[in-house]
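User: I am new to this structure and would like a short tour. Could you begin with the sheet and what lies on it?

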Amino acid sequence: MSSVAVLTPESFAEHRSGLKDQEITGCVPEDEAYIPTYLEAFPPLPEKGAPGEKSGEPASAWGSKIRPIKASVITQVFHVPLEERRYKDNSQFGEGEEAKVCLDIMHRTGAHIELSLAKDQGLSIMVTGKLDSVMKARKEIVARLQTQASATVAIPKEHHRFVIGKNGEKLQELELKTATKIAIPRPDDPSANIRITGTKEGIEKARHEILLISAEQDKRAVERLSLEKAFHPFIAGVHNRLVQELSQETGARISIPPPSLPKDEIVITGEKEAVALAVNRIRAIYEDKKRKTTTISVEVKKSQHRYIIGPKGNTLQEILEATGVSVEMPPLDSASETIILRGEPDKLGPALTQVYAKAKSVMVLEVSAPAWLHRFIIGKKGQNIGRITQQLPRVHIEFTDGEERISLEGPTEEVEQAQAQIQEIINDLLVRMDYTEVNIDQRFHRHLIGKNGANSGFFFFF
């Protein structure tokens with residue numbers, strides 16, 4: 001038990017007199033070893049409505065010492081798509097490997113982690129704690145719960161030390177910021193390739209940052225173009241093919257921020273002539289698209305956006321390749337349902353058709369079933385639902401506590417098959433089972449449950 005010591009004027013005077021009797025030693029001069037009075041050490045708190053407040057002067061020394069305290073705890077929320085999940089056994093969600101990994105990470109970093117399963121069977125992860133703990137936890141989560149890809153980026157060997165930074169601090173900061181692992185060749189290794197391991201999004205961010213660091217150190221020409229991000233897809237081309245061709249043709253290095261990074265700046269580095277040529281080509285594309293393109297906005301339910309984006313953004317690239325129209329999606333963490341299509345007027349119609357087709361490629365159905373029946377529909381250890389999802393893996397089935405409905409989501413044909421199978425289970429259970437509520441004093445519940453839950457198979461308590 002903790003205790004609080006209260007210091008009174010009398011006890012303080014006694015303590016002060018005791019200090020006077022002691023010899024003051026050390027490097028502090030004698031005239032600086034002044035012992036304050038009680039009132040000097042503990043000035044009185046200002047009284048409400050004191051005259052000093054009206055005159056604009058502080059009522060006491062306390063007023064000048066109080067400073068606002070800034071919050072040191074932050075929260076970050078991010079999403080792991082289904083196709084990038086390392087563990088996909090949803091029958092044990094909250095109990096399987098994902099939960100064990102998160103528990104270990106919480107112990108190691110001190111951050112608090114909460115997992116939830118999204119409708120698309122991706123993971124929504126919320127990490128709370130101090131900034132350093134959150135960044136370390138996020139890096140470990142990405143490394144251990146997401147499937148990892150790798151890529152290389154080549155920059156001049158003499159620029160590697162600037163990526164590493166003093167005592168490796170820059171490299172550590174970059175790895176935490178992008179949630180990636182960055183391997184830089186040893187000084188005695190002739191290779192100039194830096195290997196980045198992580199998620200596709202993290203690799204893109206790390207690659208961009210490394211190229212910017214290299215550009216800062218490049219003693220050749222560096223040009224920074226601030227061009228509206230909405231036109232970057234036309235400059236990059238489908239799967240970045242156009243910017244790669246521009247780089248090969250001009251000999252300049254062109255760095256375009258990835259879609260997830262809200263930056264307008266495109267950085268071009270290289271020989272002066274190569275940079276000038278690349279700048280002219282990029283400006284020409286930009287001005288041409290600004291002149292020829294127009295936009296239309298459409299509202300699509302937020303739940304359907306992921307089908308328009310596609311795995312790793314591939315569907316957006318397909319629409320751009322087929323129609324020449326760029327589809328701008330609101331951020332995943334935004335509540336906006338507005339999608340903007342940008343392209344030449346005669347191409348917007350076909351692109352819009354594709355957007356709607358992708359959005360409607362998945363249907364959502366609801367099956368009515370009493371809430372008390374849900375556990376029996378799911379079956380022991382999820383056996384009933386497990387059989388359906390094994391046959392129809394692209395169908396997502398969701399039960400909501402307290403609601404008399406079951407939601408089905410997936411390709412139209414498969415959803416209809418799942419609906420028929422679930423309805424058959426419901427009809428069979430309703431013939432064999434019934435439900436009623438009986439009010440029993442809570443004192444007798446333990447007798448009904450029985451020793452070690454012996455009777456729990458006959459009674460259900462809510």
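**The sheet and its helices**

Analyst: Helix α5 (residues 131-145) lies across β1, β2 and β3 and runs at about 150 degrees to β3. Helices (H or I, at least four residues) and strands (E, at least two) are DSSP runs numbered from the N terminus; axes are lines fitted to C-alpha atoms, for helices over the stretch in contact, with angles from 0 to 180 degrees between N-to-C directions. This is a predicted model, in which local features need pLDDT of at least 70 and side-chain atom pairs count only at pLDDT 80 or more, while totals for chains, interfaces and linings use all residues. Residues are numbered from 1 along each chain as its sequence is written, and side-chain values use heavy atoms, leaving out hydrogens and water.

User: In what order do the three strands stand?

Analyst: The order in this open sheet is β1-β3-β2, with antiparallel pairing; two strands pair if DSSP finds at least two bridges between them. Because β1 (73-80) and β2 (112-117) are edge strands with a single partner each, one side of each has no neighbour in the sheet.

User: Over how many bridges do β2 and β3 pair?

Analyst: β2 and β3 (residues 123-130) pair over six bridges. Ser116 stands opposite Ser124 in β3.

User: Which strands does α4 touch?

Analyst: Helix α4 (residues 97-109) touches β2 and β3 (contact means heavy atoms within 4.5 Å), and its direction makes about 160 degrees with that of β2.

User: Changing topic, at what angle do α16 and α17 cross?

Analyst: The axes of α16 (residues 383-391) and α17 (residues 412-432) cross at roughly 165 degrees and come within 11 Å.
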